[in-house]
Amino acid sequence: MNTKKFLISPNKKINLSKIRTDETLGISSKKDSVKLLKKNVEQMRELQAKVYAQDKYSLLIIFQAMDAAGKDGTIKHVMSGLNPQGTQVFSFKQPSKEELDHGYLWRINKALPERGRIGIFNRSHYEEVLVVRVHDLVKYQKIPDKFNNKKIWKQRYQQINDFEKYLNENGIVVIKFFLHVSKEEQKERFIKRIEDPAKNWKFSMGDIEERKYWDDYQKAYQESIAATSKKHAPWYVIPADKKWFMRLAVSEIVVKEMKKLKPEFPKLSKKQLSELEEARKKIIDDSALNERDT
Ligand code: ATP
Ligand code: MG
């Protein structure tokens with residue numbers, strides 16, 4: 001699959017309204033897509049085992065999207081086959097009082113994946129240039145006046161770029177997904193959430209309020225994505241109207257990125273191998289002794 005189509009080139013303006021939300025790259029059925037997803041999950045599992053054993057790199061996969069675009073489902077389906085010990089998922093909500101008493105990357109830093117792990121962010125530091133911008137929430141953040149001015153968004157893009165470069169140079173591979181759903185599809189999904197009792201719990205009145213700010217969000221997203229898609233931390237805009245395709249596309253990209261790391265199980269030195277051999281003999285000898293004693 002040519003996932004390059006979804007990659008946002010660095011330093012390029014984008015217009016989200018011109019990027020299709022219903023693309024499926026010629027894959028026409030959900031059935032085919034599910035099969036391919038299964039294969040990718042299998043590959044991810046094998047790669048993950050090596051990344052874990054190698055204990056050098058980690059992956060940070062960031063999901064951002066409008067409500068009901070399918071972040072939760074994508075995380076569930078794409079990460080389903082992985083070893084839970086090697087994965088960590090964090091969902092970022094409105095910051096607590098304690099979090100507001102620190103810079104906005106404080107809580108992000110605490111949630112970064114350990115070496116060898118795959119970390120997933122359901123929302124992220126990008127909320128700081130999205131919801132915070134759309135709803136003018138900086139006033140709650142106690143930023144010194146001299147830094148709280150019109151330039152703050154550009155400053156934050158720069159801070160985020162610097163931060164993600166630092167992550168990259170310390171072994172954290174950052175991949176960012178914007179799940180791009182259409183306003184019409186969001187409406188359909190909200191209606192389903194209201195009409196289907198099994199989905200009621202997913203609906204919140206706040207979602208309808210936020211929908212009123214659709215255009216402001218799209219603007220904030222496109223500016224943020226354009227300013228922060230870098231070679232060391234690329235953004236992918238994934239068409240999200242067809243959930244099955246979205247999940248497949250995300251899995252393709254994650255597999256590709258993991259393969260790039262060429263993870264291998266650590267090779268033991270001659271000395272370590274001979275120590276292992278000694279350990280093997282010892283275990284056999286000891287158990288032989290024990291058997292004789294009993
Ligand atoms: P769900 O699919 O369950 O609705 P969700 O990610 O929308 O998942 P919610 O609890 O509904 O979870 O919403 C979390 C809210 O927290 C979002 O509205 C988001 O914009 C907000 N939020 C996250 N980070 C920040 C932040 N740094 N400042 C202000 N609001 C934030
Ligand atoms: Mg929500």
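The legends below set out its surroundings and other views.

This is a predicted model, in which local features need pLDDT of at least 70, side-chain atom pairs count only at pLDDT 80 or more, and totals for chains, interfaces and linings use all residues. Residues are numbered from 1 along each chain as its sequence is written, chains are lettered from A and ligands numbered from 1 in the order in which they are written, and side-chain values use heavy atoms, with hydrogens and water left out.

**Figure 1. The whole chain.** The chain has 11 helices and five strands. Both are DSSP runs numbered from the N terminus: helices are H or I with at least four residues, strands E with at least two. The C-alpha atoms fill a box of roughly 80 × 50 × 40 Å along the principal axes. Of the 294 residues, 45% are buried. Buried means under 20% relative accessible area, exposed over 50%, and partly exposed in between (1.4 Å probe, protein chains only). Among contacts with a separation of 6 or more, 82% join residues 24 or more positions apart. A contact means heavy atoms within 4.5 Å.

Figure 2. The chain exposes about 17100 Å². Carbon and sulfur atoms supply 52% of that area. Accessible areas come from the Shrake-Rupley method with a 1.4 Å probe; for residues, only the protein chains shown count as cover. There are 59 positive and 41 negative side chains. The centres of the two sets lie 5 Å apart. Lys and Arg count as positive, Asp and Glu as negative; His and the chain ends are not counted. Each charge is placed at NZ of Lys, CZ of Arg, CG of Asp or CD of Glu.

**Figure 3. Salt bridges.** Side chains of opposite charge can pair when their charged atoms come close. The structure holds 18 salt bridges. Each is a side-chain nitrogen of Lys or Arg within 4 Å of a carboxyl oxygen of Asp or Glu. One of them joins lysine 212 to glutamate 209 at 2.8 Å, N to O. Glutamate 209 is partly exposed at 41% relative accessibility. A network of salt bridges links Asp67, Arg123 and Glu127.

**Figure 4. Two glutamate–arginine pairs.** Glutamate 99 bridges to arginine 107, with the closest N and O atoms 3.2 Å apart. Glutamate 99 is partly exposed at 24%, whereas arginine 107 is buried at 11%. Glutamate 114 pairs with arginine 117 in a salt bridge, where the closest N and O atoms are 3.3 Å apart. Here glutamate 114 is partly exposed at 44%, and arginine 117 is buried at 17%.

Figure 5. Helix α9 spans residues 214-228. Its 15 residues reach 21 Å from first C-alpha to last, close to the 21 Å expected. The expected span is 1.5 Å times one less than the number of residues. Buried residues of α9 include Trp214, Tyr217, Tyr221 and Ile225. Helix α10 (residues 243-260) has 18 residues and reaches 26 Å, close to its expected 26 Å. In α10, 14 of the 18 residues are buried, so this helix is largely enclosed by the rest of the structure. Lysine 262 follows α10, with a positive phi near 45 degrees.

**Figure 6. Tyrosine 166 and histidine 232.** Tyrosine 166 sits in helix α6 (residues 152-169). Tyrosine 166 is partly exposed, at 46% relative accessible area. Its C-alpha atom is 9.6 Å from that of histidine 232.
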